[in-house]
Amino acid sequence: MQPFRSQRLFLVALALALFSCAKEKKEATQVGVMTYVVEPKTIPIVFEFVGVCQSSHLVEIRSRVQGYLKEVAYTEGAFVKAGQRLFTIDPREFEARVAEVQANLEKEQAILWSAERAVERYKPLYEQKAASRKDWEDATAQLLAQQATVNYTKAKLQETQLNLGYTEIASPISGLTTNSRSQEGTLITPSVND
């Protein structure tokens, strides 16, 4: 019997709550009306974009020798003329190599001079039978070998002078520059491919 009685009490409490809510006055909500006139207008549309321009004739500048970048001699984004210096790699090591090979060439030329004098001395002695044929042939062989050494050293000197010239990197064409990938003090190495 208890569950039935508690259900009744619940229903009575619910009915009282509903009746009390019904007696409260409701206030009316006011709604405002606004009128707009729609008129066609031309409104300009402005678009802003960030653009990147690229030349149809790109030139990549690469070092042909290894060394520390001493100077970037242009302003990034500036116009440069063909032949204008762009970069300088520290030339001291290359200057020292040129001086070393130059000194070596002078030494080899002195030895060549001595070999030429030996052949000049042995030739008349051989013709007068005062020196053996072997002595004259040995002197001639020494002369030919020394001439080859001098030619090799001259080629080495030309190579070292060429490498010294590569420490100055110039623009191959006239045009606008881009940014440099390296700053002063960076070790630059000859690039293969890039």
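Which residue in S3 is the bridge partner of Leu-69? The partner is Ile-89, and the sections below show where this contact belongs.

## What you are looking at

This is a predicted model: local features need pLDDT of at least 70, side-chain atom pairs count only at pLDDT 80 or more, and totals for chains, interfaces and linings use all residues. Residues are numbered from 1 along each chain as its sequence is written, and side-chain values use heavy atoms, with hydrogens and water left out.

The pLDDT score is the predictor's confidence in each residue, from 0 to 100. For this protein the mean pLDDT is 85, and 88% of the residues reach 70 or more. Among the elements, H3 has the highest mean pLDDT (95) and H1 the lowest (66). Where pLDDT is low, the predicted coordinates should not be read in detail.

## Helices and strands

You can find three helices and six strands in the protein. Both kinds of element are DSSP runs numbered from the N terminus: helices are H or I with at least four residues, and strands are E with at least two. Starting at the N terminus, their order is α-β-β-β-α-α-β-β-β.

How many of the 194 residues count as buried? The share is 20%. Here, buried means under 20% relative accessible area, exposed means over 50%, and partly exposed lies in between (1.4 Å probe, protein chains only). Strand S3 is mostly covered, as four of its five residues are buried.

Now let us return to the strands. Two strands pair if DSSP finds at least two bridges between them. Four strands form an open sheet in the order S4-S3-S1-S6, with antiparallel pairing. S4 (168-170) and S6 are the edge strands, each pairing on one side only.

## Aromatic pairs

A pair of aromatic rings is described by the distance of the centres and the angle of the planes. Rings of Phe, Tyr and Trp (its six-membered ring) pair if their centres lie within 6.5 Å; planes under 30 degrees apart count as stacked, over 60 as edge-to-face and the rest as tilted. By this rule there are three aromatic pairs. In one of them, the ring centres of Phe-47 and Phe-49 are 6.2 Å apart and the planes are at 20°, so this pair is stacked. Phe-47 is exposed at 61% relative accessibility, and Phe-49 is exposed at 73%.

Tyr-126 and Trp-136 also form a stacked pair, with 5.4 Å from centre to centre and 5° between the planes. This pair links distant parts of the chain: Tyr-126 lies in helix H2 and Trp-136 in helix H3, 10 residues apart. Tyr-126 is partly exposed, with a relative accessible area of 22%, and Trp-136 is partly exposed at 23%.

## A loop residue with a positive phi

Which residue sits in the loop between helix H2 (92-127) and helix H3 (133-165)? Lys-129 has its place there. Most residues other than glycine have a negative phi, and most peptide bonds are trans. Lys-129 has a positive phi of about 65° although it is not a glycine. This residue is exposed, with a relative accessible area of 71%.

## A nonpolar patch

Phe-10, Leu-11 and Leu-14 form a nonpolar patch on the surface, with about 330 Å² of accessible area together. Accessible areas come from the Shrake-Rupley method with a 1.4 Å probe, and for residues only the protein chains shown count as cover. Like charges are joined within 9 Å, and nonpolar side chains (Val, Leu, Ile, Met, Phe, Trp, Tyr) within 5 Å.

Leu-14 is found in helix H1 (residues 2-23). Its relative accessible area is 41%, so Leu-14 is partly exposed.

Terms used:
Patches are made of residues with over 30% relative accessible area and no salt bridge: like charges are joined within 9 Å, nonpolar side chains (Val, Leu, Ile, Met, Phe, Trp, Tyr) within 5 Å. A salt bridge is a side-chain nitrogen of Lys or Arg within 4 Å of a carboxyl oxygen of Asp or Glu.
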